[in-house]
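Dear colleague,

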Amino acid sequence: MSENKTGRYFKYAIGEIILVVIGILIALQINTWNTNNIDSRKEKEYLNNLIEDIRTQQLIVNDQIVHESKMKLKCEKALNHLIKGPPNADSLNIYLTDITRKTFVINDPTFQDLKSSGNILLIKNNELRKKIITFYQKLDYSALVVQT
């Protein structure tokens with residue numbers, strides 16, 4: 001082999017290596033872009049599901065408030081009946097038979113999925129993520145208060 005051909009092969013090999021490296025870098029960039037795009041779609045889906053869960057939770061809380069208000073009113077009527085004079089078992093029974101407790105229900109399937117899968121980090125906005133976590137912590141606390 002003459003010196004001229006070795007130089008030419010060497011230049012050709014370096015060119016091939018550069019092309020392969022450029023191809024790999026382009027493929028990595030496309031993969032990163034696709035991953036970011038998928039993560040962005042998942043984030044939007046999770047946020048939409050959280051909105052639906054919170055709307056449902058709002059209905060549950062409103063129902064709980066109505067129930068607790070009715071129970072408070074019945075207790076007040078029974079108490080007033082007792083204060084007025086000697087208790088009549090039949091009339092007192094009318095007030096007391098309907099007094100019931102209602103279990104407070106937490107509707108958080110999306111949040112539980114986010115926590116257990118580690119996908120909570122898909123929510124890129126740190127402040128929003130913290131507010132979501134705080135909301136569900138307060139909801140858990142409220143459920144404990146209502147149940148005791």
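This is a predicted model: local features need pLDDT of at least 70, side-chain atom pairs count only at pLDDT 80 or more; totals for chains, interfaces and linings use all residues.

Ile-22 counts as partly exposed because its relative accessibility is 40%.

Turning to the charged residues, the count comes to 5 salt bridges. One of them joins Lys-124 to Glu-43, with the closest N and O atoms 3.1 Å apart. Lys-124 lies in the loop between helix H3 (109-117) and helix H4 (126-147), whereas Glu-43 belongs to helix H1, so the pair ties together parts that are 81 residues apart in sequence. Glu-43 is buried, its relative accessible area being 13%.

A further salt bridge links Arg-55 and Glu-52, again with the closest N and O atoms 3.1 Å apart. Both residues lie in helix H1, 3 residues apart, or about one turn of the helix. With a relative accessible area of 43%, Glu-52 is partly exposed.

The side chains of Asp-63 and Lys-102 also meet in a salt bridge, at 2.0 Å from N to O. This pair links distant parts of the chain: Asp-63 is in helix H1, and Lys-102 is in the loop between helix H2 (89-96) and H3, 39 residues apart. Asp-63 is partly exposed at 40% relative accessibility, and Lys-102 is likewise partly exposed, with a relative accessible area of 28%.

With kind regards

Definitions and conventions:
Residues are numbered from 1 along each chain as its sequence is written. Side-chain values use heavy atoms; hydrogens and water are left out. Buried means under 20% relative accessible area, exposed over 50%, partly exposed in between (1.4 Å probe, protein chains only). A salt bridge is a side-chain nitrogen of Lys or Arg within 4 Å of a carboxyl oxygen of Asp or Glu. Helices (H or I, at least four residues) and strands (E, at least two) are DSSP runs, numbered from the N terminus.
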